[in-house]
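Subject: Structure handover

Hello,

Here is the structure to look at, with the sequence alongside. My notes on it follow below.

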Amino acid sequence: MARRKGRDISGWIILDKPAGPTSTACVNKLRWAYESKKAGHAGTLDPAATGLLAIALGEATKCVPYVMDAEKCYSFTVRLGAATNTDDAEGEVIETAEARPTDDEFRAALPGFTGDIMQVPPKYSAVKIDGERAYALARDGEDFEVEARPLWVESLELVSRPDADTAELRMVCGKGGYVRSIARDLGKALGCLGHVVTLRREWSGPFDLDKAVTLEQVEELARKPEIDGLLVPLEEGLGDLPRVTVNEAAATRIANGNPAPVVASDAEFGEDCWAAHMGQAIALGRYLGGEFHPSRVLNR
């Protein structure tokens with residue numbers, strides 16, 4: 001197999017994704033702009049959604065699961081009075097309702113969608129049904145059901161009601177949450193139906209929009225030395241993980257995939273963590289009995 005050509009560059013781009021392109025298209029644009037061998041993202045945003053898309057380059061791709069598993073915050077607008085087949089404004093209206101809840105009724109329904117809940121993803125989503133993407137089956141007119149999945153919702157609040165037909169909300173949730181499903185199910189519970197019309201991710205795990213860049217900035221600097229100035233260090237993607245510190249001898253052992261003693265630790269016994277030498281992340285793994293046990297070595 002031919003070796004993939006490109007630069008050995010590692011770090012994160014915190015992209016303020018515009019409405020329109022898919023998350024995969026954004027990753028491909030960044031990989032091209034940086035001439036990077038490897039790239040990936042830490043949590044899909046729908047094409048119509050905007051906001052924070054954390055894109056990993058090089059060895060940062062090994063850290064993606066830790067960012068994907070972290071909590072995320074979304075602000076979104078729900079249009080009341082109609083359900084669509086996609087649970088957002090891109091789809092066809094399939095049902096309407098005349099009822100409109102008061103603000104008090106709206107707030108009273110929100111606790112039912114917080115904590116540990118079961119959520120059915122939209123039929124127009126990337127979940128797999130017997131090996132096929134649900135959205136592909138839906139587009140082909142197939143009749144199928146999507147199974148409910150557990151979701152942790154830390155908070156769900158009504159931010160404002162600009163008018164009787166509109167509600168603006170903010171949600172903090174764990175991995176795998178579908179805002180469109182929240183809008184759909186909340187609308188059903190209130191008897192008014194509903195679908196998402198705008199959706200923006202405000203933060204994801206250790207990343208927020210303060211360090212975000214636009215696609216226009218990336219395109220302007222594409223394949224120029226200055227583009228490296230947009231990179232966020234790989235270590236910032238590990239901000240929610242405990243850190244252990246090792247000396248040079250231990251770093252050599254870890255680089256070869258072997259356990260090694262640590263000189264300082266923020267991790268408790270058995271916790272996932274990352275190992276640092278001279279301030280640089282060298283591996284991901286677990287802290288056990290005074291030693292760091294690597295699961296993924298970062299080749300930097």
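Start with the hairpin formed by β17 and β18, which has two residues between its strands. In that turn, Met278 has a positive phi of about 55°. Strands here are DSSP runs of E with at least two residues, helices are runs of H or I with at least four residues, and both are numbered from the N terminus.

Before going further, note that this is a predicted model, in which local features need pLDDT of at least 70 and side-chain atom pairs count only at pLDDT 80 or more, while totals for chains, interfaces and linings use all residues. Residues are numbered from 1 along each chain as its sequence is written, and side-chain values use heavy atoms, with hydrogens and water left out.

The sheet around the hairpin

Strands of a sheet pair through backbone hydrogen bonds, either parallel or antiparallel. Two strands are said to pair if DSSP finds at least two bridges between them.

Strands β17 and β18 run antiparallel and are joined by six bridges, with Cys273 opposite Gly285 in β18. Strand β18 (residues 280–288) also pairs with strand β19 (residues 291–297), in the antiparallel sense and over six bridges. There, Arg286 has His293 in β19 as its bridge partner. Strand β14 (residues 243–245) runs parallel to β17, with three bridges between them, and Arg243 stands opposite Trp274 in β17.

Why is strand β17 described as largely enclosed by the rest of the structure? Five of the six residues of β17 (residues 272–277) are buried. Buried means under 20% relative accessible area, exposed means over 50%, and partly exposed lies in between (1.4 Å probe, protein chains only).

The nonpolar cores

A nonpolar core is a set of buried Ala, Val, Leu, Ile, Met, Phe, Trp, Tyr and Cys residues joined through side-chain atoms within 4.5 Å. The largest one has 46 residues, and Tyr34, Phe76, Phe106, Leu156, Leu169 and Met171 touch the most other members. A second, separate core of 20 residues includes Val64, Phe207, Leu234 and Trp274.

Contact means heavy atoms within 4.5 Å. Not counting residues up to four places away in sequence, Met171 touches several residues, among them Cys73, Phe76, Leu156 and Ile182.

Cysteines

A disulfide is a covalent bond between the sulfur atoms of two cysteines. Here it is counted as a pair of cysteine sulfur atoms within 2.5 Å, and the count comes to zero. The closest cysteine sulfur to that of Cys73 is in Cys173, 8.8 Å away, which is too far for a bond. Cys73 is buried, with a relative accessible area of 2%, and Cys173 is buried at 1%.

Thr84

Which strand holds Thr84? Thr84 lies in β5 (residues 82–84) and is buried, at 4% relative accessible area. Its side chain reaches the backbone nitrogen of Asp87 at 2.9 Å. Leaving aside neighbours within four places in sequence, Thr84 is in contact with Gly91, Glu92, Val93, Ile94 and His195.

Salt bridges

Side chains of opposite charge can pair when their charged atoms come close. A salt bridge is a side-chain nitrogen of Lys or Arg within 4 Å of a carboxyl oxygen of Asp or Glu, and the count comes to 17.

One of them joins Asp228 and Arg7, with the closest N and O atoms 2.8 Å apart. This pair links distant parts of the chain, 221 residues apart: Asp228 is in the loop between α6 (215–221) and β14, and Arg7 is in the segment before β1 (11–17). Asp228 is partly exposed at 30%, and Arg7 is partly exposed at 31%.

Arg200 and Asp16 also meet in a salt bridge (2.9 Å, N to O). Arg200 is in strand β12 and Asp16 in strand β1, 184 residues apart. Glu202 forms a salt bridge with Arg170, the closest N and O atoms being 3.2 Å apart. Lastly, Lys38, Glu59 and Lys62 are linked in a network of salt bridges.

Regards

Methods
Polar contact = N/O pair within 3.5 Å; in protein donor to acceptor, adjacent residues only side chain to side chain.
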